[in-house]
Amino acid sequence: MISRLRYTFREMWASLSRNLTLTIAAVITSMVALLMVGGSLLIQRGFDNQLKLWTGGVEMIVYVKHGATEEQIALIQSELLSQATVVESAVHCDEVCAEKYAREVAFPNDPEFIKQLLPQIPSYFQVKPVDKDSSAVLRSLKTQFSQLPNVIEVRTPDDAVDLLGQLKDVIGVRIIVVSVVLLFASALLIWNTIRMAMFARRREIEVMKLVGATNWFIRLPFMLEGLLQGIAGAAGASGVLLLANDNWTSGVKTFPVNSGLRSFVVTDGYPIWVCMGMILLGALVGAIGSATAASRFLDV
Amino acid sequence: MIKLENVTKTYTTEVTALRDANFDIAKGEFVFLVGPSGSGKSTLLRLMNRQERPEKGAVWVAGRNINDMPDSKVPHLRRNIGNIFQDYKLLGNKTVFENVAFALEVIGRPRHVIRQQVPAVLDLVGLGGKQERFPHQLSGGEQQRVSIARAFVNRPLILLADEPTGNLDPATGEGIMRLLDRINKTGTTVVMATHDQRIVNMMRKRVIQFDRGVIVRDQARGVYE
């Protein structure tokens, strides 16, 4: 058993080093393909995080006319909460609270604008719909609430949510299509590398068959070679992906608070899972490419 | 040891390499297959180690009909058959020792067996001091001895030799024949395809003669005609 293992690894290494340029090409192609797969997954996750912030924070703002009485405000609140099946909560932020928000969060660096805003600053309700992901629901609520007495305006992130969702779909689908094409290309390249390796060693293979080596014994070093190429590509792609994700995450921290991109990051353990998935996928692509070539071309 | 029953092998509808061949080769026999190029000698050798299959008839080796043998069993059959070729088929990037050891290594023999058997067989073929040389550093006769050592290192029951002296000068060819004769005397059956009239006449072994795929003569202690 040990001698067989030693033989298999020795032959695999010899074959890899003999076909170095093709090996490098196959590894780079796998790496680019897997990088796109992993990158696509992280981008999708970034979109999800961003959407979660937009739909999970202030979903809808119902602005109340400046100077509305407490009764009028209570009436609006009861109207909002009467939609129990679509509205989860409606929290009132009075004029003091609205001023504080404008000063500290919305326009902290623009005291002149705050000065202009202050005499008319409206109080508002933060309304959370039950279905946070549906822009159709948001739109219908917006129309409905705009007609309430003493409501001056209703703002929803529905258009932005739509845009972000569409962007996510468009980018995601395209990246996935290109990734699949590249993965196929890398499997083909690995297939071709193994074919070339087998052709280069056709004399050895002929001798091996004649002296009674089994087909599996002959195939194994070639299959391991392809597997290693796939895994090497995946490992490279994982490294680049983690580095790129780190750089993006630290870069985004320097963006302005209201840039709208601060949540477009993936900071949990998800990238590690993506990398593990990429390594499995790389191994699978390598194994499929090399196994089909090793079986197909054993009669070289 | 080897038995052919009504064996016919065709490559295309026009080319029949072997037609209705019948013969028996006993254990320990030395048999020459003679005839002009394309008469079916090499095809017969390829049928005996299951590199080819006949269209009709049965090829029996060591008591088994190898035409019916599943592909998975073929490697085990070949471990009992040594092959020698006119062009030696040595691996240029391996030393003499490694070339011979390779035949044991790929069938999973442990290292200590390889270390023991390879020098012994190299001594037998007269290459004891040349273990670390590469094929290109050897003469044609020496390369053929390495090829014989590789074929014999696993102590096969049968040796199939396809024109083993075809690339050698007469004196070197005689040396190779003496070596094959010594191996034959250990009980190994030797089947050798050749054009070499001088060698066949010198050895005076059984001769099976082919002409366009048909056996035209099967003679004990025969000569080349």
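**Notebook: strands and helices in chains A and B**

I began with chain B of this predicted model, where I found an open sheet of six strands in the order β6-β7-β8-β3-β9-β10, with mixed pairing. I checked the edges next: β6 (81–85) and β10 (214–219) of chain B each have a single partner strand, so one side of each is left without a neighbour in the sheet. From one strand to the next, I noted a twist that averages 15 degrees.

Then I looked at how β10(B) is held. Strand β9 (residues 206–211) of chain B runs antiparallel to β10(B), and five bridges join the two. One pair I wrote down is Asp211(B) with its bridge partner Val214(B) in β10(B).

Which helices pack on this sheet? Helix α5 (residues 140–152) of chain B does, touching β6 and β7 (158–162) of chain B. I noted its direction at about 165 degrees to that of β6(B). Helix α6 (residues 170–185) of chain B lies across β3 (30–34), β7 and β8 (189–194) of that chain, and I have it running at about 150 degrees to β8(B).

Over to chain A, where I picked strand β3 (residues 123–129). Is this strand mostly covered or mostly open? I found it mostly covered, with five of its seven residues buried.

I also followed its pairings. Strand β1 (residues 60–64) of chain A is antiparallel to β3(A) and joined to it by five bridges. Strand β2 (residues 87–93) of chain A is antiparallel to β3(A) too, with six bridges between them.

Which residues stand opposite Tyr124(A) in β3(A)? I noted Tyr63(A) and Cys93(A).

Key. Residues numbered from 1 in each chain as written. Chains lettered and ligands numbered in written order. Predicted model: local features only at pLDDT ≥ 70, side-chain atom pairs only at ≥ 80, totals over all residues. Buried ≥ 20, exposed ≤ 12 C-beta atoms within 10 Å, placed from the backbone. Helix = DSSP H or I, 4+ residues; strand = E, 2+ residues; numbered from the N terminus. Pairing = 2+ DSSP bridges. Axes fitted to C-alpha atoms, helices over the stretch in contact; angles between N-to-C directions. Contact = placed C-beta atoms within 7 Å.
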